[in-house]
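Here is a short report on one protein model. Look at the whole chain before turning to the details.

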Amino acid sequence: MKQVIAFGRMLRLLWHLVVGVAIVLLRFPRWSPEQRQMRVQVWAQALLRILGVSLRIVGSPPAQGPVLMVANHISWLDIPVLHATRYCRFVSKSDVQSWPLLGILASAAGTLYLERSSRRDARRMVHQLQQALQRHEVLALFPEGTTGDGRTLRPFYPNLLQAAIDCDAPVQPLGLHFADKASGHISFAPSYTDDETLLASLWRTLCAPPIEAVVHFGTPQHAQGRDRRAWSRDLQQAVDRLRQG
């Protein structure tokens, strides 16, 4: 029965992706940025319902920009969870842009793409983030650079924090974790690490008992004279506390 339910969810998920792409192609060109942002959030909330994932928010999401949110990274599910909480523009690896269906949706949601292996592209991204913060946008970044196992944090990469330093923009740490809805114990069903395939992680999530995604927002902070490396270490400690709270 568990697998039958999961298969039904999978079919609904595929239809949801197709409908999302159709909306992007047919309606987004006529909509204002505000309408697009609202649709991204509504679409992400519907995605969580299909997956059987509820959402609990602790603390206060940013009401407006400029702000750069930094979070731990556990799963492919982190992005729709944060979009369901509060629309933001993510920094993502460049190859996401070429993924079938998902690349179209990510681009329509305003994703900023980074070629991680290129220092020159990192400098370009810092400049792009500066411009976005100057436009009072809400941005989101996973400073670990890749997904972790949900048990510990990987070291934070500090380079992109330079954009917030140069603009004197606030950075808001937040912690993510997934829990079994019934017991409250940590759920590793959505984890997506190492050589695991996206499909395997997705299927495990679909087969799991109801999951609660917990997003714990911390207090926004300014650099206050810290360089990006020192600030990155402090933010990592803040995110570590929040994800366990």
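## Overall shape

The protein chain has 245 residues, and a compact globule with that number would have a radius of gyration near 18 Å; the chain has 18 Å, so the two agree. This radius is taken over C-alpha atoms, and the globule rule is 2.2 Å times the number of residues to the power 0.38. The C-alpha atoms fill a box of roughly 55 × 45 × 35 Å along the principal axes.

This is a predicted model: local features need pLDDT of at least 70, side-chain atom pairs count only at pLDDT 80 or more, and totals for chains, interfaces and linings use all residues. Residues are numbered from 1 along each chain as its sequence is written, and side-chain values use heavy atoms, with hydrogens and water left out.

## Helices, strands and burial

The chain holds eight helices and seven strands. These are DSSP runs, numbered from the N terminus: helices are H or I with at least four residues, strands are E with at least two.

Of the 245 residues, 50% count as buried. Buried means under 20% relative accessible area, exposed over 50%, and partly exposed in between (1.4 Å probe, protein chains only).

## The nonpolar cores

In soluble globular proteins, nonpolar side chains tend to be buried together. A nonpolar core is a set of buried Ala, Val, Leu, Ile, Met, Phe, Trp, Tyr and Cys residues joined through side-chain atoms within 4.5 Å. The largest one here has 45 residues, and L51, L77, V81, L174 and L176 touch the most other members. Several elements each supply at least two of its residues, including α1 (2–26), α2 (33–51) and β6 (171–180). Apart from this core lies another, of 24 residues, among them L112 and L133.

What does L51 contact, leaving aside its neighbours within four places in sequence? The partners are R9, L13, W76, L77, L202, T205 and L206. Contact means heavy atoms within 4.5 Å.

## Salt bridges

Side chains of opposite charge can pair when their charged atoms come close. The structure holds eight salt bridges, each a side-chain nitrogen of Lys or Arg within 4 Å of a carboxyl oxygen of Asp or Glu.

R135 and E137 form one (2.9 Å, N to O). R135 is partly exposed at 48% relative accessibility, whereas E137 is buried at 18%. D240 and R243 form another, at 2.7 Å, N to O. Both lie in helix α8 (residues 228–244), three residues apart, about one turn of the helix. D240 is partly exposed at 26%, and R243 is buried at 11%.
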